[in-house]
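Notebook, open at a new page. I looked up a few features and wrote down what I found.

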Amino acid sequence: MNSSLSHEPHDNLTRSTPLESTGYTCGPKLESFHSSYAQVHGWASLQVCVFGSIANVLNIAVLTRREMHSPTNMILTGLAVADLLVMIEYIPYAIHMYLYQRSRRDTFTYGWGVFVLFHSNFGQVCHTISICLTVTLAIWRYIAVAYPQKNREWCSNTRTVLTIVGAYVFCPILCVPLYVTTEVRPQVELLDEEGMNVNLTKLNGTASLDGATNTTLYFVKLTETARMHAALKKMNFWIYSVVIKLIPCLALTVLSFKLIRVLVEAKRRRRKLTAKNTDIKMSNGKDGCEKPSGKKRRKGADKEKQTDRTTKMLLAVLALFLITEFPQGILGLFSVILGTSFFNTCYVMLGKLREHARHCSTARTYSRVTASREFT
């Protein structure tokens, strides 16, 4: 498998990846879906990336305004920057691999091979930063609601900046196994005068080879070290599927439900307090049915609505994150457990769809921006 399948790390590996095979396959229907979707993937990804780039630029412009300055919005800004880098970098890749149709001789040059390698590493690092900051946002919000008296101390501006910088420093280090297991490797192919593959099975004689030449093409493949040491390649899968995907998904799920529970409990306490105040007034001889002032009534209603809006936004953020990230982690984990057959017939066949889902995750930024208005 060449690097044109996807910019995720494992899609740059060859189909001869020597994982232990269990014989599990996904069947021809998935391969048929892969072939059909590949025809629209280029344009679909380009549109999402252009839209996502514009959206993230606008998000950064809004979140960096003086009146929007807060720890939450600082994290959202860091998220928008990471997503913007992914979107911008993917645009030339999509044009080169999917939209600008050329001969293999012109497509798989050494220069483009180096770019695809950079694209694979850079895209994964930026997306990992985005995942890390998403979990950080959930932690910050939980502290703000569950421990409001400690919020200013634990989630100060200084600590928020250090956390964001830490994510941008730590995530590239976490992805080191990706760098050391892939490289640009030459591969000699027989090409015709137009630079396309020569189908040797259809040749009737040597005369048909006139004009055909052996041409060196360049692809992103496993390094020799990774080929010789299967444990290194497996570690790459484990880091991608478990550390980068599954653990953040589980953490965000737990934190989000804890936060929702705290908000619901706070709402219940306010109702009990209101009922208690009414009972006290009645015991003092005041009319328990007396309606509160308009200002107090509006304030209470606003709090109720804010709680409901916050809960819905948290559910939206959680759902979007799980939809885009959790399936990718599960597929990576199954590739290690079920081996080469699953990797080739399932993981690879869903490569472009996973790629597109990752780009669509830019929509999470809108949910976070809306949610930030409730917390700020």
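I first noted the burial terms: buried means under 20% relative accessible area, exposed over 50%, and partly exposed in between, with a 1.4 Å probe and protein chains only. I am working with a predicted model, in which local features need pLDDT of at least 70 and side-chain atom pairs count only at pLDDT 80 or more, while totals for chains, interfaces and linings use all residues. Residues are numbered from 1 along each chain as its sequence is written, and side-chain values use heavy atoms, with hydrogens and water left out.

Entry on helix 4. I took helices (H or I, at least four residues) and strands (E, at least two) as DSSP runs, numbered from the N terminus. Helix 4 covers residues 110-146. I found 26 of its 37 residues buried, so I call helix 4 mostly covered.

Entry on aromatic pairs. Rings of Phe, Tyr and Trp (its six-membered ring) pair if their centres lie within 6.5 Å; planes under 30 degrees apart count as stacked, over 60 as edge-to-face and the rest as tilted. I counted 11 aromatic pairs in the structure. Y110 and Y218 have ring centres 5.3 Å apart and planes at 80 degrees, so I logged the pair as edge-to-face. Y110 is in helix 4 and Y218 in strand 2 (residues 213-222), 108 residues apart. Y218 is partly exposed because its relative accessibility is 25%; Y110, at 49%, is partly exposed.

I then checked F118 and F122: their centres are 5.1 Å apart and their planes at 20 degrees, so the pair is stacked. F118 and F122 are four residues apart in helix 4, which means about one helical turn separates them.

Note on methods. The expected span of a helix is 1.5 Å times one less than its number of residues.
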